[in-house]
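Trainee: Could we go through some of the aromatic residues here, and could you set each label against its definition?

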Amino acid sequence: MARGSECPNSHLYYYSVKFALSTYATLFSILGLVVLCVGIYAEVERQKHKTLEGIFLAPAIILLLLGFTMFAVSFVGMVGSLRDNRTLLKTFFWVLLVIFLTELLLLFIEIIFENKMNAVFHSNIQEGIRHYYDDLDFKNILDFVQEKFSCCGGDEFRDWEVNQYHSCNGSGPLACGVPYTCCIRKVPGEVINTLCGYRTLDKERLELLDTIHVRGCIHAVGLWLKDNFEATLGIVCSLLLPQVRG
């Protein structure tokens, strides 16, 4: 009787894991395909108005690689789970494990060689700031990062000095200032003053604490990653759990 009662439970467990894995892989296949299509569109647009060559400054390239990887790996997992193909499922698991370990390795490298990595990122971000108004992809991403992480520039707010329109040697309305995405919003949803960063580059940090974010985005994003390392690790492990159990 015990063996008979265990059989339905084992079948239920098998189909539950199979359904969860199939759903997981299918959703990520669709998501990967969407990201890939967006990357293709962004790359076509980037080629029309290309001004930047660095890989860190080409979001379209990153989207293409991310979308292709997500779609290919998830598609293998989806087919493997639907066809009960052990070879494909093992391939799916090992590829995910390699990606996971690679992410951990890159994170540890960034922590250990933080100064060198920051210098590389700073150099690329400065190049992007120099062409801020020429590359819409980079502009949108930097604006999002500056607003999301309450930061300004790469290493600090004075990085905007390298842009010809924001340089203190300029003569336009943006001269010696920073974009409005660097400004501190005191009231959520308030109308943005696009010139709120006017004449801030020639002032000291303490004078600007209530006006703009003075810390650089490299430090802000790095601090966020360190603060959320355990949560990120937990999410990744939970995503890998169905494959480990399977």
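**Aromatic pairs and their labels**

Trainee: Why is Tyr-133 called partly exposed?

Mentor: The relative accessibility of Tyr-133 is 35%, and since buried means under 20% relative accessible area and exposed over 50%, with a 1.4 Å probe and protein chains only, the value falls in between and is therefore called partly exposed. This is a predicted model, in which local features need pLDDT of at least 70 and side-chain atom pairs count only at pLDDT 80 or more, while totals for chains, interfaces and linings use all residues. Residues are numbered from 1 along each chain as its sequence is written, and side-chain values use heavy atoms, with hydrogens and water left out.

Trainee: What makes Tyr-133 and Tyr-165 an aromatic pair, and of which kind?

Mentor: Rings of Phe, Tyr and Trp (its six-membered ring) pair if their centres lie within 6.5 Å, with planes under 30 degrees apart counted as stacked, over 60 as edge-to-face and the rest as tilted. For Tyr-133 and Tyr-165 the centres are 5.5 Å apart and the planes at 90 degrees, so the pair is edge-to-face.

Trainee: Why is this pair said to tie parts of the chain together?

Mentor: Tyr-133 lies in the loop between helix 4 (114–130) and helix 5 (136–148), and Tyr-165 in the loop between helix 5 and helix 6 (217–227), so the pair links parts 32 residues apart in sequence; helices here are DSSP runs (H or I, at least four residues), numbered from the N terminus.

Trainee: How do you know whether Phe-149 is buried or exposed?

Mentor: Phe-149 has a relative accessible area of 18%, so Phe-149 is buried.

How values were computed: Helices (H or I, at least four residues) and strands (E, at least two) are DSSP runs, numbered from the N terminus.
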